[in-house]
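Q: Before turning to particular features, could you walk me through how a structure of this kind is read, term by term?

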Amino acid sequence: RFAVPPKVPTATAESGDGYVRLSWTDHSERGSDAVTGEEDFEGYRIYRSTDPEFRDPQVISNGMGTGPLGNGQPITQFDLVDDVSGFSDQMVEGVAYYLGAETGITHTWSDHSVINGQQYYYAVTAYDKGSESYNFYPSENAITPSRTPRGGLVLPPNVVEVRPNPKVLGFVPASADSKAAVLKTPYPTTKSAA
């Protein structure tokens, strides 16, 4: 049996003029590791890529990108304020896992460094702090988009596809009037001759 990461969060996104806003569920924060029995959730990492294979964040040079394991370099990270921070004590091939900087947990994040018209893929992963007693390296959810036999893209629940764009010229936002609307007949009524 192996250590398992927390439950995969479900991500959603909305976009606008020069921004993408992500939100995700909190069910990763509940539950215990099937092997250790410990409630070991530690935080979330967000990855951004311009291709569905998530090659952009795969620049791995140190523990910030999780070394030889993991998904690469996250664009941002949120972790519990719980006196667990910095690099893990456990190492794989000499590389420790970066557990965060006590930033606190959130379930929304906005990216204002996007370019309008560019297609982006975002992944939200949950990770745990590992286990000192079992000497387990921290575990993180995988990013697993796949292709159908005809070339279609299937995204897991923690990955979203989004394209920021400005509003259409002439766009007028909807509004509601508190007064009751008066319906007018579009055609004049005629009296029938009797």
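Q: Which polar contact joins the side chains of tyrosine 97 and glutamate 140, and at what distance?
A: A polar contact is a pair of N or O atoms within 3.5 Å, where within protein one must be able to donate a hydrogen and the other to accept it, and residues adjacent in sequence count only if both atoms are side-chain atoms. Here the side chains of tyrosine 97 and glutamate 140 are joined by such a contact of 2.8 Å. The model is predicted, with local features needing pLDDT of at least 70 and side-chain atom pairs counting only at pLDDT 80 or more, while totals for chains, interfaces and linings use all residues. Residues are numbered from 1 along each chain as its sequence is written, and side-chain values use heavy atoms, with hydrogens and water left out.

Q: Is tyrosine 97 buried or exposed, and in which strand does it lie?
A: Buried means under 20% relative accessible area, exposed over 50%, and partly exposed in between (1.4 Å probe, protein chains only). Tyrosine 97 counts as buried because its relative accessibility is 2%, and it lies in strand S6, residues 95-98, where strands (E, at least two residues) and helices (H or I, at least four) are DSSP runs numbered from the N terminus. The protein has 0 helices and 11 strands, and 38% of its 194 residues count as buried.

Q: Which charged residue lies over the face of tyrosine 97?
A: A charge sits over a ring if NZ of Lys or CZ of Arg is within 6 Å of the ring centre and within 35 degrees of the ring normal. Arginine 45 lies over the face of tyrosine 97, at 4.4 Å from the ring centre, and arginine 45 also lies over the face of tyrosine 127, at 5.8 Å.

Q: Which residues do ring pairs link into a cluster?
A: A pair of aromatic rings is described by the distance of the centres and the angle of the planes. Rings of Phe, Tyr and Trp (its six-membered ring) pair if their centres lie within 6.5 Å, and planes under 30 degrees apart count as stacked, over 60 as edge-to-face and the rest as tilted. By this rule there are 8 aromatic pairs, and ring pairs link Trp24, Phe41, Tyr44 and Phe78 into a cluster.

Q: Where is the place of proline 145, and why does it count as buried?
A: Proline 145 is in the loop between strand S8 (120-128) and strand S9 (146-147), and it counts as buried because its relative accessibility is 18%.
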